Amino acid sequence: MRFILGFIGAVFAGVLLISLITGLATYFKSPPAPLAAEEFHKPPKPLHLASDGPFGKFDKRQLQRGFQVYSEVCSACHSLELVSFRDLRELGYTEAEVKKIASDWKTQVPSINPDTGEPATRKAIPSDRFPPPFANEIAAGAANNNAHPPDLSLITKAREGGAAYVHSLLTGYQKQPAELLKKFPGSKTPPNLHYNPYFANLNIAMPPPLTTDGQVQYEDGTKPTVDQMATDIAAFLVWTAEPNLEARHAAGVAVVIFLLFGTVLGFLAYKQIWYDAKRVVRVTGPLEPENQAKSRRAKAKAGVAG
Amino acid sequence: MSFSWAKAYEPKHPLMKWIDERLPLPRVVYGAVGGGYPVPRNLNYWWNFGVLAGIFLTIQIVTGIVLAMHYYATTDGAFNSVNGLIMRDVNAGWLLRYAHMNGASFFFIVTYIHIFRGLYYGSYKAPRELVWMLGLVIYLLMMATAFMGYVLPWGQMSYWGAQVITGFFSAFPVVGEPIRIWLLGGYAPDEAALTRFFSLHYLLPFVIAGVVILHIWALHIPGSGNPTGVDVKDEKDTLPFHPFYTAKDGWFAAAVLLAYAIVTYFAPNYLGHPDNYIPANPLATPAEIVPEWYFWPFYAILRSFTFDFILPAKLWGVLAMFSSILLLFFLPWVDKSPVRSGSYRPVFKRFFWLLVIDVIILGWAGGGAPTPFRNAVGQISAAYYFLHFLVILPLVSAFETPLPLPKSISDSVLHGEEAEAAPAGPKPRRTKTATAVVE
């Protein structure tokens, strides 16, 4: 049986070797053409938010500013389907304010006319989720050159880099570098797309949403620079993706302290229980004179009889 | 159980006596994980991971049952029930969900350490072959359960992972495609597949629990192995499981749970893939489809076959991937060395650590986008994986000269005291003097 198994192993290894050789041969004969996206794609710029780290908490004023950016800019195209109006209470809005935000929301909630049974719409109430800006995916695509604006509820968890990615993407629009066009003449950004080195394939369908300082007028006096607005919306989207972050951090600190205590206590109990088991005296026969003296000295030092 | 000096259960409380006379369950528990199970006294910390695996199985079952109460197994509702309802509106739903998600990862971490412990210390050898094989059955069930669980949130990776993994079956000629369609209940993962995956994902953990009982039962016939690989000879070699190993397992479990808590509370998505927070979309393939980290080594083996040598490359990949686990069932007969512990096998030990490195490299190769370099590394390490188990291991076990084994477990444990008591001079002189004294 060992012979058969050895043969099977050798066959697998052999076929892998053939795969390796053919793979290498193809690679060296016709090396894959370098892609502009591989060379010019940039990792997100570092972004520090109040919610970072194990003790991180949300900056509620920043979340309110981010919500303002969402409602005045992003919500024209992007839905926020997992978030309810009532959740805004967590940002520090009062119940009355939340009610007003819901009923004033630009899109209404689908409903049924109570008299005729015909499809109708009604004003949103706090228990509703944010109604999407487009009726369905086809409508969204039709209004956006066939690109479908993604839902933003989970976007900071659904992209590598999270909030930093959102911030970099929003502030990363630029003219296509001349160097890129020189190296990859075929990679000119197509019409209707926009060059952005933080986007995976460099050309994004979304036109730059935050273009000028002061695009949004903050009520708390913060200067609405493009970078500030991008940071605020990123912070807001961390909250939409992870509304329980503060509770999680607080519980985490308590659980870690509890388990640290438990580990130390458990370790001491273990040491105590094993104390005798680790010190079993073994009979090795009479010692030689020099070792008898050594043993006597050791016993005297330890205060042990005998 | 198997040792004559194992203490029998003596109920102290009249109620326990009453129960024990009618249903000797307390007796079984006492003999399995209580004072009635003698365990070699020299176990090191690598022996703690079996108990830990049991702890994580329990965590998964408990969190999973509660999650199932709030989950909708429909293609329209699944993503929203997980990311909307459970993560936002269910009391502590976020904790249950993150604990379950990361619990799966930690279950695999401790299980992998447990398996490699078995590989190093020859735990698969006689008389524990069935313990080893039942363990592999648990591992296979874990893989199936984890895969189906990953499909349930119905994100992009869920959907496309299901697509790729059920696609394995279509690699087999003639019967493959009908089997795939039968398993999925359709031509692609959809409502039917999701509901049956949910049903099986709920069922299999209890099957695992059942096989765990068999695993422990089979283990307790010869008793636990130990780092020397030498059989237990007398009572001096053992300590009762309780309180000695309950104490050792206890503090160590708290330490591992601490690591688990740190990941769950402070980096809950670190081990996952961002794409699974995008709802499943059958019309948009993700840039790269990768499984969860614990499948990366097998995924690397699967996609390392790129050349149609007689059979199609895909079939080679699928066969090799299944073989890479199935071959472990033959280990007790592949490795013929009578010495169990790798500590006394100088050549084996080196190859063992090479295998550990190889599997880590395989994991790296399976965890990222397939670049030419990654593919080449994956192919070499996949080839080594098969050579290690099926060629190197039998050869080493045939030709290696093992180091001398200690006479008994207590001999090896008390090595330190013995050395201290021995005279400083070279050994031959000592025997000479000793003889002289006797004469």
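1. Let me start with chain B: of its 439 residues, 41% are buried, where buried means that 20 or more other C-beta atoms lie within 10 Å of a residue's own, the C-beta atoms being placed from the backbone. Please keep in mind that this is a predicted model, in which local features need pLDDT of at least 70, side-chain atom pairs count only at pLDDT 80 or more, and totals for chains, interfaces and linings use all residues. Residues are numbered from 1 along each chain as its sequence is written, while chains are lettered from A and ligands numbered from 1 in the order in which they are written.

2. Chain B holds 18 helices and two strands; these are DSSP runs numbered from the N terminus, with at least four residues (H or I) for a helix and at least two (E) for a strand. The C-alpha trace of chain B spans about 95 × 65 × 40 Å along its principal axes. Among contacts in chain B between residues at least 6 apart in sequence, 77% join residues at least 24 apart; a contact here is a pair of residues whose C-beta atoms, placed from the backbone, lie within 7 Å.

3. Chain B is split into domain 1 (1-31) and domain 2 (37-410), with bounds that come from an automatic or database domain assignment. The C-alpha centres of domain 1 of chain B and domain 2 of chain B are 35 Å apart. Where they meet, seven residues of domain 1 of chain B touch ten residues of domain 2 of chain B.

4. Now to chain A, which has eleven helices and four strands. Of its 306 residues, 28% count as buried. Chain A has a radius of gyration of 33 Å, whereas a compact globule of 306 residues would have one near 19 Å; the radius is taken over C-alpha atoms, and the globule rule is 2.2 Å times the number of residues to the power 0.38. The domains of chain A are domain 1 (37-83 + 129-243) and domain 2 (248-302), and their C-alpha centres lie 58 Å apart.

5. The contact between the chains deserves a look: 59 residues of chain B and 53 residues of chain A take part. On the chain B side, H10(B) gives the largest share, with 14 residues. The residues on that side divide into 42 nonpolar, eleven polar and six charged; Ala, Val, Leu, Ile, Met, Phe, Trp, Tyr, Cys and Pro count as nonpolar, Asp, Glu, Lys and Arg as charged, and the others, Gly among them, as polar.

6. What do the buried residues of H12(B) pack against? Their partners are helix H1 (2-29) of chain A together with helix H11 (296-304) and H15 of chain B. The buried residues of H12(B) include Trp316(B), Leu319(B) and Met321(B).

7. Finally, the cores. The largest nonpolar core has 89 residues, and those with the most contacts inside it are Leu16(A), Phe107(B), Val110(B) and Ile301(B). Such a core is a set of buried Ala, Val, Leu, Ile, Met, Phe, Trp, Tyr and Cys residues joined through C-beta atoms within 7 Å. Helix H5 (residues 93-120) of chain B gives the most to this core, with twelve residues. A second, separate core of 44 residues includes Leu47(A), Val83(A), Ala235(A) and Leu237(A).

Key. Buried ≥ 20, exposed ≤ 12 C-beta atoms within 10 Å, placed from the backbone. Contact = placed C-beta atoms within 7 Å.
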